[in-house]
Amino acid sequence: MGRGASKELKELVVRWHTVDGRSVGEIVDISGYSRSFVYKVLSCWRLYGAVDNPLAYRSGRPPALTAAQVREVLEYVDRHPTTYLDELQD
């Protein structure tokens, strides 16, 4: 249940089930997610009150750039599409 679906999409699964009263089968049909994925999201919601397991830790190296820095680079590249990588690194 890691990288495949965003937090917003997982929250939508929970809303469909808890607020709209949809069954797991209906959620599978309208979302295209697997039955096991829907059950995992709902299980995390029941256990932790969140769509992701807060006790799971992120493995691997932390990102070199923050989300704000990535946004800044993308905006710069949008404004200056002919920029070379070495110019960005300065």
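Okay, threonine 83: it sits in the loop that joins helix 4 (67-79) to helix 5 (85-88). Helices here are DSSP runs of H or I with at least four residues, strands are E runs of at least two, and both are numbered from the N terminus. This is a predicted model, so local features need pLDDT of at least 70 and side-chain atom pairs count only at pLDDT 80 or more, while totals for chains, interfaces and linings use all residues. Residues are numbered from 1 along each chain as its sequence is written, and side-chain values use heavy atoms, with hydrogens and water left out.

What does the side chain of threonine 83 have a polar atom close to, at 2.8 Å? That's the backbone oxygen of histidine 80. Beyond the neighbours within four places in sequence, threonine 83 is in contact (heavy atoms within 4.5 Å) with Tyr76 and Leu88.

On to the packing. Axes are lines fitted to C-alpha atoms, for helices over the stretch in contact, and angles run from 0 to 180 degrees between N-to-C directions. For naming, under 35 degrees is roughly parallel, over 145 roughly antiparallel, 65 to 115 roughly perpendicular, and the rest oblique.

Take helix 1 (residues 7-18) and helix 3: their axes come within 10 Å and cross at roughly 80°. So helix 1 is roughly perpendicular to helix 3. On the helix 1 side you have Lys10, Val13, Val14, His17 and Thr18, meeting Phe37, Val38, Val41, Leu42, Trp45 and Arg46 of helix 3. By class, that's seven nonpolar, two polar and two charged; Ala, Val, Leu, Ile, Met, Phe, Trp, Tyr, Cys and Pro count as nonpolar, Asp, Glu, Lys and Arg as charged, and the others, Gly among them, as polar.

Next, helix 2 (residues 24-31) packs on helix 3 (residues 35-48) at about 120°, axes 9 Å apart. That makes helix 2 oblique to helix 3. Val24, Gly25, Ile27 and Val28 from helix 2 touch Arg35, Val38, Tyr39 and Leu42 from helix 3, which splits into six nonpolar, one polar and one charged.

And how do helix 1 and helix 2 meet, at what angle? Roughly 135°, with the axes coming within 10 Å, and therefore the two are oblique to each other. Helix 1 brings Val13, Trp16 and His17, and helix 2 brings Ile27, Ile30 and Ser31. This contact has four nonpolar, two polar and no charged residues.

Key:
Polar contact = N/O pair within 3.5 Å; in protein donor to acceptor, adjacent residues only side chain to side chain.
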